[in-house]
Structures are given as structure tokens and as C-alpha cells.
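Please keep the sequence and the structure in view while reading.

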Amino acid sequence: MTLKIAFLASRAPVAQTARAVLIGRYGNVEPEEADVIVALGGDGFMLRTLHRAQTLPAPVYGMNRGTIGFLMNEYSETDLMDRLKAAEQEVINPLSMQATDQFGRKHRALAINEVSLLRAGPQAARLKITVDGRVRLSELVCDGALLATPAGSTAYNYSAHGPILPIGSDVLALTAIAAFRPRRWRGALLPKTANVRFDVLEADKRPVMADADSISITDIDWVEIKSDPTIEHRILFDPGHGLEERLISEQFT
């Protein structure tokens, strides 16, 4: 059976060139008509493609035409049809973020990797952290904090010295970014069902922004985050190179 493929590419010239070559070899359909969506770019473009495709029936198979490519497969112009038919599927749920800014405006966004809160001025942020309605940390003075999914645990979370999470672990990583007080607090592992709220203390003096997969909101008053099991992102990987293997390999490099 010949698969109908929708090729999407980032703006990078190398990705656009690859798209033209692959379309010439395999043809192209619109994402709504595709059996498989092939994303050409880096991890940032892959995240944008997954968000775009979340209501479509086709899974997404990425080929790296960017820099890191943790969510991508190796690029090759040959045997693509066989690779797609043999690919293994990973299903991940995004984080749902609700936020209110200092002007009372409501914001919503989804994040496949993480939701991060970052100081937006010269002074450190002051955050109160509540988990499932219980205050767990009355004051965290820091450059920021983030809540990461297992799929996103090797990204910003790992750079901030957070743990790498196995895909099937059903936990989230709550990680501090340059914590000043409590100085040695590195974060916590929370169940996937947890509802996490950040309240910004002294928001006028110490402004904070929130970011959900590059969707940024400024002048945050509070943010609530939880996993959304009703949304499933389906990603295809070459056999033996799925997210589980990549998460393990990352810890030995």
C-alpha cells in the first residue's frame, strides 16, 4: 500500500530543499488528507507541527534538517516509504496551561515539552508553588521554574539540572532554574495527574513571563498547569530509535 504523505518544512533553506526533493520522489498531499505527516526541520519545528496536527488523524514522522533533532529521525531521501511502514508510534499528552496576567486577562496554551516561568526583569522572581490545592513551597526565589513532561525532560528541564523521565513513568518534573532560596532546592517529581499552580509574588517589582512551547505571556499573576489526557500527539520513530531509547541514551553521553 502506498501511503499518502504531507511534507512540511521549516523556513531553513536546507529543510525547504529537502521538501522539494522528497515531493518530487514521493508526491505530496495536504495534511488533512495524509496518512502520515513528515516534518522536516529541528525540534522546534517538530513541536509546531505536532500542535498543528493534534486534531488530524495522521501521525507525525520527523526527519532532522535542523540542529538537535531529539524528536526527529535521521534524514534520508531513499526508502522513506518502507521506513514509514515500519515506524513505531509513541503517544504523548501535552500540558495544559491557564494563566492570568496582572491586567486580569486570561490565557490558555498547550505545551508538549514544558511550561516555564522566567524572570522578566533584573531582579529574581518570587514564586509560591501549590500542588493539588496544597501550598508546597511558600517562597521560591529564583530565575524561574518549569514543569516538564517526560518527552520534554531532556530539553530545557535537563539543562536546568532536572531529571530525565522515562516515557511510561506517568510523572512530571518540577524544576527550579537558578534557585537562590531555598538555595539547594532542585525541584520535585510529581504524578502526571497533579495540578500545579505558580503564584507570582511582588509581580510589579519582580515581573515574570510564562512560556509554553515558545508561546510567551508577559506580566504573569498566576499560572495553573496540568497534563491533558484528552489530547494525544502521535509521533513515529524508526525501530529501535524511539523516545524510550533516546531518553536512556541521553543519560550515558
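Predicted model: local features only at pLDDT ≥ 70, side-chain atom pairs only at ≥ 80, totals over all residues.

Q: How is a sheet to be read, and what is the order of the open sheet of five strands?

A: Strands of a sheet pair through backbone hydrogen bonds, either parallel or antiparallel. Helices (H or I, at least four residues) and strands (E, at least two) are DSSP runs, numbered from the N terminus, and two strands pair if DSSP finds at least two bridges between them. Here the open sheet of five strands runs β1-β2-β3-β17-β4, and its pairing is mixed. Its edge strands, each pairing on one side only, are β1 and β4 (88-92). From one strand to the next the twist averages 30°; axes are lines fitted to C-alpha atoms, for helices over the stretch in contact, and angles run from 0 to 180 degrees between N-to-C directions.

Q: How many bridges join β4 and β17, and in which sense do they pair?

A: Five bridges join β4 and β17 in the antiparallel sense. Across this pairing, glutamate 88 stands opposite phenylalanine 237 in β17.

Q: Which strands does helix α1 touch where it packs on the sheet?

A: Contact means heavy atoms within 4.5 Å. Helix α1 (residues 13-26) touches β1, β2 and β3, and its direction makes about 165° with that of β1.

Q: Which strands does α2 touch, and which of its residues are buried?

A: Helix α2 also packs on the sheet, touching β1, β2, β3 and β17, with its direction at about 155° to that of β2. Buried means under 20% relative accessible area, exposed over 50%, and partly exposed in between (1.4 Å probe, protein chains only). In α2 (residues 43-52) the buried residues are Asp43, Phe45, Met46, Leu47, Thr49 and Leu50. These buried residues pack against β1 (5-9), β2 (36-41), β3 (60-64) and β17 (233-237).

Q: In what order do the six strands of the other open sheet lie?

A: The order is β12-β11-β10-β7-β14-β15, with antiparallel pairing. The edge strands are β12 (187-191) and β15 (215-217), each pairing on one side only, and the twist averages 15° from one strand to the next. Strand β11 (residues 171-177) and β12 run antiparallel and are joined by five bridges; the bridge partner of alanine 173 in β12 is leucine 189.

Q: Which side chains meet arginine 197 in salt bridges?

A: Aspartate 199 meets arginine 197 at 2.9 Å, N to O, and glutamate 224 meets arginine 197 at 3.3 Å, N to O. The latter pair links distant parts of the chain, with arginine 197 in strand β13 (residues 196-201) and glutamate 224 in strand β16 (residues 220-227), 27 residues apart. β13 and β16 themselves pair in the antiparallel sense over four bridges. At 22% relative accessibility, arginine 197 counts as partly exposed.

Q: Is aspartate 211 buried or exposed, and what is its nearest side chain of opposite charge?

A: Lys and Arg count as positive and Asp and Glu as negative, while His and the chain ends are not counted. Aspartate 211, found in strand β14 (residues 208-212), is buried yet has no salt bridge, and the nearest side chain of opposite charge, arginine 48, is 11 Å away. A polar contact (a pair of N or O atoms within 3.5 Å; within protein, one must be able to donate a hydrogen and the other to accept it, and residues adjacent in sequence count only if both atoms are side-chain atoms) of 2.7 Å joins the side chains of aspartate 211 and serine 216. Neighbours within four places in sequence aside, aspartate 211 is in contact with Glu114, Val115, Ser116 and Ser216.

Conventions. Residues numbered from 1 in each chain as written. Heavy atoms only, no water. Salt bridge = Lys/Arg side-chain N within 4 Å of Asp/Glu carboxyl O.
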